[in-house]
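Here are a few exercises to work through with the model open in your viewer. Try each one before reading its solution.

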Amino acid sequence: MILIIDDDVAVRASLSLLMKQNGYKTQQAASPKEALELAQQYKLKLVIMDMNFSIETTGHDGLQLLEQFKKLMPEVPVILITGWGSINLAVEGMRAGAADFVTKPWSNDYLLQSVRTALSLSEEVTDAGDALTRKKLDHQYDLGFIVGQDPELLKILKKVGQIAPTDASVLIEGESGTGKELIAGAVHRNSLRKNQPFLKVNLGGISSSLFESEMFGHRRGAFTDAKADRVGRFEMANKGTIFLDEIGELDLSSQVKLLRVLQDRTYEVLGDSKSRKLDIRVVCATNRNLEQLVEEGKFREDLFYRINLIKVRLPSLRERSDDIPLLVQYFVGNLKKVYHRPELQVSPRALQWLKELSLPGNIRELKNLVERTVLVAENNMLEAEDFQAQAQKGPGKPGDKTLPAVGTMTLDQMEASMIKKSMDFYNNNISKVARALGLSRAALYRRLDKFNIPYDPAD
C-alpha cells in the first residue's frame, strides 16, 4: 500500500491514478493528522508526501510529519515532492531520512522509477547466516575482472549485486587506484540495462566552458567553433548507464547544470531549444570527501543527495593486503600472454614482501610495479629483489615517507612539493606524473597553474 499525502485534491488524484495504472494500491490523506491515522490502519510499503500543508509554505509541518513517520515506521521509505525553488527544504528532508525527492511539476517516468527503486531497496533481505564466499557471488553475479576474497570486499560485491537491478544512483568512494571503475562496470553488467550503453566520463578532464557541449551536445553554429553537430555524452548513454568519474572536481556552475538533468531527466542540446527526455542510470565516483566539500561550500548539498542514494566505499589495498598475492598472480597471468613469457612465476618470498608494501597508489600502483618488474626481469622466477629494484624507482623515496612536523608546512605546500618532485623524477612527462599521482591530466594542469610550476603546454 502506498500512502499519498497532499492538501491539493488534484495532486492526490493525479498521483493515485498514476500509481494504480502501474499496479500499486493507494490511500490518500489531505493532512498530517489524517496521514498518521491511515498509517495506523494500513501496512504501508511507501509514502509519497508534499512538504507544505499550511499557508506559510515553510515546510516545517512537512519535516515534522516526516520525522513522525521515521519514528513510527523507520523501514518504510518516504519520497518527498517539492517545488524546484524549495530544493533546500528537500535537502533537509533527505538529512532526516527521506529516500528521495521529486520536484514539481514531476516527470511520471522519473517518479515511477523512484518508486520502484525505493520499494526494491526496502525489500532487500540478506541472509546474515549464509557465509559469503567468492564462489557463491560469482555464481550469482557477473563480477567481471574484480579480483579478491577479502571479507569486506565480498560484502561490497554482495551489495553491488543487490542494488544493480534497481535504478538507484550510486556513489562510489575510495582512494585513487582502488578499482572504482570496475565496480561501476559491475553495477551496469548486473542491471536491467546491461544490454544498453555503459559510458564513462572523466569530469576532471572537462573544463567548465566545455561542460555543456561535452555532456549535452551542440548544433552546428551554436557557438564560434561549432562547425558540426556534436552528440553529447548523455545522449550516447541514453537507456543505459553513465559513469561520472571524479565528480568532486566539478565546478559549482557545472554542478547546477548537472543537477537539473539528474532531477528532471531532461536536457537541451546547445543551439536547440527543444527539451529531450533522458532515461539513464547514474553512477558517480570520487576520491575526495564530498561531505567535507559540502561543508566548505565547494559542492552542492542538493547534488550530493541526488547522487548519494546508495554509497559504496572501496577499501584501500592496505586494508585488504591478503588480496595482494591474488592480484599479483592475476597481473602476471595476463602479462605472460602479453610478453610471450609463459614460464613466469612469482616466488612465495616475493609475494610476502609485496604484501607488506604500503602502496598508496593501491591496485594501479601494484599493477604498474608488477609490469615494470616483468619488463626488466631476466629470469622467469620473479624474486623479492626484482620487485624491490623497481619499487625504488617510484617517485616516493624511502626518505620521503616521513611527513613534516605539524605546523611547518601547509597542505598546499605539501601538494606543491610532491608535484615538483614528481615532475623532476619523470622529466616533466605530464602523463606519467598524472598517473603516478592518481590525477587526470586536466586536474594536474590545474594544480601546475595553481602552484606556478613550469611545464611544456605542448606535452
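**Exercise 1: the cavity**

Which helices each supply at least two residues of the lining of the largest cavity?

Solution. Keep in mind that you're working with a predicted model.

- Step 1: assign helices. Helix 5 (108-122) and helix 13 (301-307) each bring at least two lining residues. Helix 5 gives the most, with 4 residues.

**Exercise 2: an annotated aspartate**

Find where Asp-50 sits, and decide from its relative accessibility whether it is buried or exposed.

Solution. 

- Step 1: check the record. An unreviewed UniProt entry lists Asp-50 under "modified residue: 4-aspartylphosphate".
- Step 2: Asp-50 belongs to strand 3, which covers residues 46-50.
- Step 3: apply the cut-off. Buried means under 20% relative accessible area. Asp-50 comes in at 6%, so it counts as buried.
- Step 4: list its partners. Skipping neighbours within four places in sequence, Asp-50 is in contact with Ile-5, Asp-6, Asp-7, Ile-81 and Lys-104.

**Exercise 3: the nonpolar core**

Work out which residues touch the most other members of the largest nonpolar core, then follow Ile-5 through its contacts.

Solution. 

- Step 1: The core has 57 residues, and Ile-5, Val-47 and Met-215 touch the most other members.
- Step 2: follow Ile-5. Beyond four places in sequence, its contacts include Val-47, Ile-48, Met-49, Phe-53, Leu-65 and Phe-69. Asp-50 from Exercise 2 is also one of the contacts of Ile-5.

**Exercise 4: a lysine in a helix**

Classify Lys-421 by its relative accessible area, then say how far apart it and Val-433 are in space.

Solution. 

- Step 1: locate it. Lys-421 is in helix 18, spanning residues 411-425.
- Step 2: classify. Partly exposed runs between the buried limit of 20% and the exposed limit of 50%. Lys-421 has a relative accessible area of 40%, so it's partly exposed.
- Step 3: get the distance. Lys-421 and Val-433 are 12 residues apart in sequence, and their C-alpha atoms are 9.6 Å apart.

Terms used:
Residues are numbered from 1 along each chain as its sequence is written. This is a predicted model: local features need pLDDT of at least 70, side-chain atom pairs count only at pLDDT 80 or more; totals for chains, interfaces and linings use all residues. Side-chain values use heavy atoms; hydrogens and water are left out. Buried means under 20% relative accessible area, exposed over 50%, partly exposed in between (1.4 Å probe, protein chains only). A nonpolar core is a set of buried Ala, Val, Leu, Ile, Met, Phe, Trp, Tyr and Cys residues joined through side-chain atoms within 4.5 Å. Contact means heavy atoms within 4.5 Å. UniProt positions are given in the numbering used here, feature names are shortened, and annotations may be inferred rather than shown by experiment.
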